[in-house]
Amino acid sequence: LIDRAIARGCRAHSEEVGSWPHFEWEQSLEELGRLSDSRDTFYDRPTIGVAYGLWYHARRVNPLVSEVERIVRQEADTGSHSLTLVDLGSGTGATSWAVALVTWAIRQAGGTPPPVDVHEVESSTFMRRTSSVLWDSLEQEIGPVDGVRRHDVYVSWPEMSLDANESTWLIASYLLDHTDRHRRDEIMKSLCQVVDNCSAKGVIFTVSQKK
């Protein structure tokens with residue numbers, strides 16, 4: 001089901017950007033090759049979203065499913081009736097997918113999941129467009145994802161702030177670049193500021209060992 005949704009979404013988006021020259025497609029693969037080789041990636045290429053979606057989207061969703069499920073259970077145990085997630089550097093929307101799959105599974109098991117707001121913080125227009133197309137494709141597979149509300153936030157992640165009444169968690173999934181290890185103090189201060197600006201209860205990191 002997940003493979004089919006990703007394939008359909010990436011196929012649909014590749015048709016949208018199919019007029020871009022072959023050079024752009026080659027460069028997108030070069031960018032992701034650099035990413036897999038512990039180097040940084042340029043996310044503002046028109047074809048980067050399709051390449052990233054096919055190469056990495058499922059790998060990003062996988063660890064987030066268990067993290068989202070844990071947060072949902074934890075908040076349910078405290079009596080919370082709704083939940084807000086702030087996805088810093090949302091990319092192709094892996095956090096929203098994880099939320100959709102967890103809430104869908106809860107309903108399949110006869111439960112009632114809490115409503116979840118996901119604020120997708122992403123400054124790359126091309127990654128955002130892939131995220132929207134992939135989401136539409138997922139809904140074609142599992143139906144409308146009731147209770148999951150997605151909000152586009154077009155800012156750089158250190159600028160994120162939010163005034164939410166619900167329990168709020170930050171998700172930082174492969175947010176950091178490899179070069180960020182040379183400015184740890186600055187990154188720490190920025191992240192702490194976002195925690196304060198969003199009144200977040202905690203931060204969930206999923207990162208590579210080399211980061």
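**Close-up views of a predicted model**

**View 1. Asp152 and Arg128 form a salt bridge, with closest N and O atoms 2.3 Å apart.** Asp152 belongs to strand 3 (residues 148-153) and Arg128 to helix 5, so the pair ties together parts 24 residues apart in sequence. A salt bridge here is a side-chain nitrogen of Lys or Arg within 4 Å of a carboxyl oxygen of Asp or Glu. Helices (H or I, at least four residues) and strands (E, at least two) are DSSP runs, numbered from the N terminus. Arg128 also forms a salt bridge with Glu120, at 2.4 Å between the closest N and O atoms. Arg128 is buried, at 2% relative accessible area, while Asp152 is partly exposed, at 41%. Buried means under 20% relative accessible area, exposed over 50%, and partly exposed in between (1.4 Å probe, protein chains only).

The model is predicted: local features need pLDDT of at least 70, side-chain atom pairs count only at pLDDT 80 or more, and totals for chains, interfaces and linings use all residues. Residues are numbered from 1 along each chain as its sequence is written, and side-chain values use heavy atoms, with hydrogens and water left out.

**View 2. Glu141 forms a salt bridge with Arg4, with closest N and O atoms 3.0 Å apart.** Glu141 in helix 5 (residues 125-142) and Arg4 in helix 1 (residues 2-16) are 137 residues apart. Glu141 is buried, at 18%; Arg4 is partly exposed, at 48%.

**View 3. Ile187, Leu191, Val194 and Cys198 are buried in helix 6.** The face turned away from the buried side of helix 6 carries the exposed residues Asp185, Lys189 and Asp196. Just after helix 6, Ser199 has a positive phi of about 50 degrees.
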